[in-house]
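Please read them with the coordinates open.

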Amino acid sequence: MSRPIARVLMLLELLQSGGLRTVAELAARLDVDERTVRRYADHLLDLDVPVESVRGRHGGYRLTSGYRMPPLMLSDDEALAVLLGLVAGQRAGLMTATGSASETAAAKIRRVLPQRLGHRLDAVLGSLAFTAPPSTPAAPETAVLLSIADAVRHHRPVSIKYTAADGRHSERTLHPYGLVAHAGRWYVTGGDPAVGEDRTFRLDRIADARTLPGTFDPPTGFDPAERVLSGLASAPYRHEVTVRVQGTAEHIRARLPAGVALVEELPSEGSPDGETGRWSRVEMRVDRLDWLPAVLASLDRPFTIERPDELRGLVARFATRLADSASG
């Protein structure tokens, strides 16, 4: 493929990504001057691609709204990236309630590929093995996901119909700050103006999401992923665990990530050892305690159990089994 044709196609890809692109931006991305960008845009018009020219200081080019491109032409790398992305997303459980959409999309792409490339991709997918089992999908409705995503982007409040884990139904207004994908589930986190607090909701439990009039200002520096992980770590469970560990928060989170535990570094007591002299408080809420002794041992740091007493006994028995195994 000659260099000018390749750049004309690159211009088309940039315009396909949506929105208005200034001539200066396009020239920088294509590594050409602005006059050449205009010539490339004329080439696309000659191919019946509806490129709109917007005049003015902030003008540029964009594709006509609603225009749909003919079947895609994908390189080997692009086709493999798309199909692997569809497979990975499906196994991770990150799909909508139309669970077959990823399969039908992959089949459509596979049908339009050249036979040579199709056979090679089939060989990759047919020989691919995964080390983790597929996630059980908790898929949201497509309309819910798209409505909330649009509300996040434009800072619009939404009215949602929600079913809690205990089966209670409610309808509330939410100021959505962000969408988060975690462990095969979709979450939305934001402010609940009725109670004046930040809340997190699972999208698969939202039956309907309707955009409301008006806008809101999201808090500065808010991290949706951090909020979801801390919310999961502090959710009510059967056991509340508090342990003081001699170590930094960074070291502890390598074994107990944010979705499992809340870690707070305690003020230094002036230990000459700047690394191991620090202590941190670890708080967890768990349904079972039997897995904790091994995890605490893997931290390889001194620790003190503050609660519950039952965990002290489990750790003592675990230590005895280790000692017996070592002496045997």
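1. Strand β9 (residues 239-246) runs antiparallel to strand β11 (residues 279-286), and 8 bridges join the two; V243 stands opposite V282 in β11. Strands here are DSSP runs (E, at least two residues), helices are runs of H or I of at least four residues, both numbered from the N terminus, and two strands pair if DSSP finds at least two bridges between them.

2. The model is a predicted one, in which local features need pLDDT of at least 70 and side-chain atom pairs count only at pLDDT 80 or more, while totals for chains, interfaces and linings use all residues. Residues are numbered from 1 along each chain as its sequence is written, and side-chain values use heavy atoms, with hydrogens and water left out.

3. An open sheet of 4 strands has the order β10-β11-β9-β12, with antiparallel pairing. Because β10 (261-265) and β12 (303-307) stand at the edges with a single partner strand each, one side of each is left without a neighbour in the sheet. The twist averages 20 degrees from one strand to the next. Helix α11 (residues 309-327) packs on the sheet, touching β9 and β12, and its direction makes about 145 degrees with that of β12 (axes are lines fitted to C-alpha atoms, for helices over the stretch in contact, with angles from 0 to 180 degrees between N-to-C directions; contact means heavy atoms within 4.5 Å).

4. For the protein chain as a whole, the secondary structure comes to 11 helices and 12 strands. Among its contacts between residues at least 6 apart in sequence, 63% join residues at least 24 apart.
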